[in-house]
Amino acid sequence: MPLARLCPLTDVAALVPADCWIAQRLADDPHELGSESVLHITGDVQLPELHLDAHLAPGSALRTWLHGLPGGDADAKTPAAPFLILIEGNLHLDGALTCDDTDGTTHLVVTGNAHMHNAVVGGQLLSVGGALSVADLLWGHYNHGELRVHGGLTARVAVFTDEYHLDIHGPEQI
């Protein structure tokens, strides 16, 4: 069964991929981002969808899932959007990974594989340690956004606009 906790970024800094800007900034000045909040999940996660702007807002799929875990407290004061979601495991979304805010939404790091129906993202780091599989549309938008995939990328359609940054390792099937 997965475990989840809110913690400062410094508590999980060693799990952040070394090649991403967050790890580089922590190495340069650990105090600059060190106190940012992280939702750290150990284990595989399956959700209907994940909206990175307000993934822990009341009624959201992730918040509902978290409250179903052992020790989950529906009355706990939980922030609507920590700086980072770090999943030590795989992520499976039956629907879409989305965000509206292209300039400051929550970042997502998945150490395993990630599978989703659609992904419409921009303005955050999206890092997948394994393979990223998007059944239909993968759209990355805006120069503040960055997609890093270490185990290959599969998508029916992939569109990257407005200088969206990519770093893909492994096979690509688009």
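**Salt bridges**

Modeller: Arg 148 and Glu 146 form a salt bridge, and their closest N and O atoms are 2.6 Å apart. This is a predicted model, in which local features need pLDDT of at least 70 and side-chain atom pairs count only at pLDDT 80 or more, while totals for chains, interfaces and linings use all residues. Residues are numbered from 1 along each chain as its sequence is written, and side-chain values use heavy atoms, with hydrogens and water left out.

Colleague: Why is the pair of Arg 148 and Glu 146 called a salt bridge?

Modeller: The term requires a side-chain nitrogen of Lys or Arg within 4 Å of a carboxyl oxygen of Asp or Glu. Arg 148 and Glu 146 have N and O atoms 2.6 Å apart, so the pair meets the rule. Through salt bridges that share partners, Asp 19, Glu 146, Arg 148 and Asp 167 are joined into one network. The count by this rule is six salt bridges.

Colleague: What makes the salt bridge of Asp 19 and Arg 148 a link between distant parts of the chain?

Modeller: The side chains of Asp 19 and Arg 148 meet at 3.3 Å, N to O. Asp 19 is in the loop between strand 1 (3–8) and helix 1 (21–28), whereas Arg 148 is in strand 13, and the two residues are 129 residues apart. Helices and strands here are DSSP runs, numbered from the N terminus (helices H or I, at least four residues; strands E, at least two).

Colleague: How do you know whether Asp 19 and Arg 148 are buried, partly exposed or exposed?

Modeller: Buried means under 20% relative accessible area, exposed means over 50%, and partly exposed lies in between (1.4 Å probe, protein chains only). Arg 148 has 12%, so Arg 148 counts as buried. Asp 19 has 26%, so Asp 19 counts as partly exposed.

**Strands 12 and 14**

Colleague: How do you know that strand 12 and strand 14 pair?

Modeller: Two strands pair if DSSP finds at least two bridges between them. Eight bridges join strand 12 (residues 132–141) to strand 14 (residues 153–161), and the two run parallel. Leu 132 stands opposite Leu 153 in strand 14. Strand 14 also pairs in the parallel sense with strand 16 (residues 172–173), over two bridges. In that pairing, Thr 154 stands opposite Gln 173 in strand 16.

Colleague: What makes Arg 156 and Asp 136 a tie between parts of the chain?

Modeller: Their side chains meet in a salt bridge of 2.9 Å, N to O. Arg 156 lies in strand 14 and Asp 136 in strand 12, so the pair ties together parts that are 20 residues apart in sequence. Arg 156 is exposed because its relative accessibility is 58%, whereas Asp 136, at 22%, is partly exposed.

**Buried and exposed places**

Colleague: Why is His 107 called buried?

Modeller: His 107 lies in strand 8 (residues 107–110). Its relative accessibility is 7%, so His 107 counts as buried. Leaving aside neighbours within four places in sequence, the residues in contact with His 107 (heavy atoms within 4.5 Å) include Trp 21, Phe 83 and Gln 124.

Colleague: Is His 117 buried, partly exposed or exposed, and how do you know?

Modeller: His 117 is in the loop between strand 9 (114–116) and strand 10 (118–121). The relative accessible area of His 117 is 34%, so the residue is partly exposed. Beyond four places in sequence, His 117 touches residues including Leu 93, Asp 94 and Val 134.

Colleague: Why does Arg 63 count as buried?

Modeller: Arg 63 lies in helix 3 (residues 61–67). Its relative accessibility is 10%, so Arg 63 counts as buried. A polar atom of the side chain of Arg 63 lies 2.6 Å from the backbone oxygen of Leu 56.

**Positive phi**

Colleague: What makes the phi of Tyr 142 and of Glu 163 worth noting?

Modeller: Most residues other than glycine have a negative phi. Tyr 142, in the loop between strand 12 and strand 13 (146–149), has a positive phi near 95°. Glu 163, in the loop between strand 14 and strand 15 (165–168), has a positive phi of about 65°. Tyr 142 counts as partly exposed because its relative accessibility is 22%, while Glu 163 is exposed at 60%.

Notes. A polar contact is a pair of N or O atoms within 3.5 Å; within protein, one must be able to donate a hydrogen and the other to accept it, and residues adjacent in sequence count only if both atoms are side-chain atoms.
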